[in-house]
Amino acid sequence: MTLWTVHHDLRAPEFGTPADRLYRAALEISQWADEHGASGIVVSEHHGSADGFLPSPLTMAAAVAARTRHVTITVSALILTLRDPIATAEDAIVVDILSGGRLIVVLAPGYVPGECEMFDIDFDRRGEIFEEKTAVFLRALSGEKFEYRGRTVHVTPQAIQRPRPVVMMGGAAPKRAARLADGYVPATGDRALADAYLAERRRLGKPAGIVGRSGGPQWVFVTEDPDRAWARLAPHVLHEANAYGAWSAAAPGASPFAVFENVDQVRRSGLFAVVTPAECIDLTRSGTQPANVVFKPLVGGLDPEIGWESLQLFVDRVLPEITGKES
């Protein structure tokens, strides 16, 4: 079985598409993907980024919920360390209700020092703070009454999902994810992270839980001419890779990215797959696990028209071959 998802982070560097156009395009793409059989829409979070990286993913998730009917809506990741856990639980419940129970939340402690500084969080204590806030968030999300810092808290209304929306955990701390969350999204493709998570779940006597994708390309772009596509994508892809790479330098192992000198290095890294329809079909059949083809049609402020070309080619030429159904 092949799944396909669309990921939006809405970076809008000065050389790319303006933010207002990107936001409109993201909602249009999300609706179209929902109508054409996508399995999910993913939105992400960062703060204080010069390129305007989406800072309010639950607000964006609510907008996506209003424009879709079937896809799961995943916030990956939600940097709970920077947030009030009770107010965040309220926002998440509203998204779950608006979506009819389609919300998935992937929590993370964050790995960018400047973000912690922006929110007056001690970067060196972020793991401890994250765990405390996660415990509160999970209880608040369930709708149960509980005691917190000497007062009774009761978050209403109740989420659609029972006992609460699915909460996974991202990052490079698999044992923490095993203890606290319903599943784990490893920070990198290092199989040892997933194995450590599964081993800890077994030790704790818990079910295996959900393990998110690891390894393989971060996203796919389908084209009839990969060389031409790389030329068009180059400044946007290099911007994204290096922006993540700069952040990762402060917390090694937090992501698979590094800083690249040029787009040829990015191309050789395998982080992104720019492929023909036939190559995309092969990609979906190459692994032992069900494929999940991730698209980032607005990567690094890319012109939405270019992103649309890739999506349309996938739906017209790839999906019929891998599903046996006409688009």
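Is Phe-295 buried or exposed? In this predicted model, Phe-295 has a relative accessible area of 1% and is therefore buried, the cut-off being under 20%. The residue belongs to strand β12, which spans residues 292-295. Beyond its neighbours within four places in sequence, Phe-295 is in contact with Trp-4, Thr-5, Val-6 and His-7, with Trp-219, Val-220 and Val-222, and with Ser-310, Leu-311 and Phe-314. Between the C-alpha atoms of Phe-295 and Arg-21 the separation is 18 Å, and the two residues stand 274 residues apart along the chain.

Leu-311, one of the contacts of Phe-295, also takes part in the packing of helix α11 against helix α1. Two packed helices are described by the angle between their axes and the distance between the axes. For α1 (residues 19-35) and α11 (residues 304-323), the angle is about 10 degrees and the axes are 11 Å apart. Angles under 35 degrees count as roughly parallel, and α1 and α11 are therefore assigned to that class. On the α1 side the contact is formed by Arg-21, Ala-25, Glu-28, Ile-29 and Trp-32, and on the α11 side by Pro-304, Glu-305, Trp-308, Leu-311, Gln-312 and Val-315. By residue class, this contact comprises 7 nonpolar, 1 polar and 3 charged residues.

Residues up to four places away in sequence aside, Lys-133 touches Leu-80, Thr-81, Leu-82, Arg-83, Pro-85 and Ile-121.

Several loops carry backbone features of note. The loop between β6 (151-153) and β7 (166-171) contains Pro-157 and Pro-163. The peptide bond joining Thr-156 and Pro-157 is cis, with omega of about -5 degrees. The bond from Arg-162 to Pro-163 is also cis, and its omega is near 0 degrees.

Positive phi values occur in the non-glycine residues Leu-10 and Arg-149. Leu-10, in the loop between β1 (3-8) and α1, has phi of about 60 degrees. Its relative accessibility is 3%, so Leu-10 counts as buried. Arg-149, in the loop between β5 (146-148) and β6, has phi near 50 degrees. With a relative accessibility of 62%, Arg-149 lies over the 50% cut-off and therefore counts as exposed.

Definitions and conventions: Residues numbered from 1 in each chain as written. Predicted model: local features only at pLDDT ≥ 70, side-chain atom pairs only at ≥ 80, totals over all residues. Heavy atoms only, no water. Axes fitted to C-alpha atoms, helices over the stretch in contact; angles between N-to-C directions. Helix = DSSP H or I, 4+ residues; strand = E, 2+ residues; numbered from the N terminus. Parallel < 35°, antiparallel > 145°, perpendicular 65-115°, else oblique. Contact = heavy atoms within 4.5 Å. Nonpolar A, V, L, I, M, F, W, Y, C, P; charged D, E, K, R; others polar. Buried < 20%, exposed > 50% of the residue type's maximum accessible area, 1.4 Å probe, protein only.
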